[in-house]
Amino acid sequence: MSPERHFIVVGGGLAAAKLAEALRANDFEGQITLIGAEEHLPYERPPLSKDHLFGKKDLADFVAAPGQWYRDHRIEVRLGTEVKAINRAAKTIVLPDDSTLSYDRLALATGSTPRRLELPGAEGPNVHQLRTIEDSDAILQLLSGTPKIGSLAIIGAGWIGLEVAAAARSAGVEVTIVESAKLPLLGALGPEMGEFFARLHRDNGVDLRFDAEVAEIDASGLRLADGATIAADAVLIAIGAAPNVGLAAAAGLDVDNGVLVDAGLTTSDPDIVAVGDIAAHDHPRLHRRIRVEHWANALNQPAVAAATMLGKSAEYDRLPYFFTDQYDVGMEYTGYASPGEYERVVVRGDQAEREFVAFWLDSQHRVLAGMNVNVWDVTDRIKELISSGAPVDPARLADTSLEL
């Protein structure tokens, strides 16, 4: 392959770094340019709401690769640079100073942005969100600085909200979570396991307010739509994230809740791939289009995208996977079971002891997804059960005296 070829990766997160790495691992000898909007080298984001908030890891501990690695592998890195536009006809990208760079293949790994709340006080100085290392540093300062806050109100009971709540409680901060749904994590886990996480946080002293809407944020905390007030020294808005598809949409790529990509992660333009949070992926094993905002996609999709960029046949067929750590609970989830698409949840083990595996089954008793809580070395077996597509006996599945 000619060394004059130029591949550009737009994005500054883990997916972008892994894509550049995968290109070199596949013996691509041409020019690689990685362009990231943040001022930092690409880094992993899970520690921002986990180990970093507990003061256990610094940024240097979770950068994807040190600066010397990029130099050794002849990867040009442009930080603090946000691409303005893509000219697909000319195969160029436009930089902030209106200069252009030509590409032979282009990869989009632009990630996502926390959703904002359109209500009074949402931009106040005591209001925070969590996406970048600067955001995490600011929250860490609140939880363990001098002086530290005494109370935190969190709007949203998704993964970020719950993980920050766990960090705050471990620091002795009073926490109230306000959630518009009836339970936490309803969209991800459904009511059965939503109840488990609600109990977990109540057991750790979190005040949970469900079916509640925030009307206003001010310096003293929150005012709810029903007139109730919640005193808080600081507020975290954690109501999910939106994929950064503006660049792709403006370039005329097919977009619908993400950048539409095929099994090989190619967009509607054969010279452009998309990975990570923005990739609305036509999954060859699940036979549906899904978009998953989790670390595992950022880690694993780039190898397939790199192969595609190099003209090789490849498909991304890994089952969705994510994990969380909250209090004394470590959890891994594998598979895909949307609310309304499964018939029942079978639990193997003891929820009260926080040591169990939950399985989501469809109407034919096929395993769609599995979640292991403080039970390890079962992920491969869960994958086998899902991939087989074979019906299981729910009673045997729940019986811990029988081999899984």
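How many cavities of 30 Å³ or more does a search of the whole structure find? The search finds one.

This is a predicted model, where local features need pLDDT of at least 70, side-chain atom pairs count only at pLDDT 80 or more, and totals for chains, interfaces and linings use all residues. Residues are numbered from 1 along each chain as its sequence is written, and side-chain values use heavy atoms, without hydrogens and water.

**The cavity.** On a 1 Å grid over the protein atoms alone, a cavity is a set of points where a 1.4 Å probe fits but cannot get out; lining residues have an atom within 4 Å of a point. The largest cavity holds about 50 Å³, a volume being the space filled by probe spheres set on the points, joined across faces, edges and corners. Its lining includes Ala 279, His 281, His 283, Tyr 316 and Arg 318. Strand S20 (279-283) and helix H7 (295-309) each supply at least two lining residues. S20 gives the most, with three. Helices (H or I, at least four residues) and strands (E, at least two) are DSSP runs, numbered from the N terminus.

**The pocket.** A pocket is an open set with protein on both sides within 12 Å along at least five of seven lines. The second largest pocket has a volume of about 320 Å³. Of its 17 lining residues, the closest to its centre are Arg 285, Leu 286, Val 367, Leu 368 and Ile 386. Strand S26 (367-373) and helix H8 (379-388) each give two or more residues. H8 gives the most, with four.

**Lining classes.** Ala, Val, Leu, Ile, Met, Phe, Trp, Tyr, Cys and Pro count as nonpolar, Asp, Glu, Lys and Arg as charged, and the others, Gly among them, as polar.

| Lining | Residues by class |
|---|---|
| Largest cavity | six nonpolar, four polar, one charged |
| Second largest pocket | eight nonpolar, four polar, five charged |
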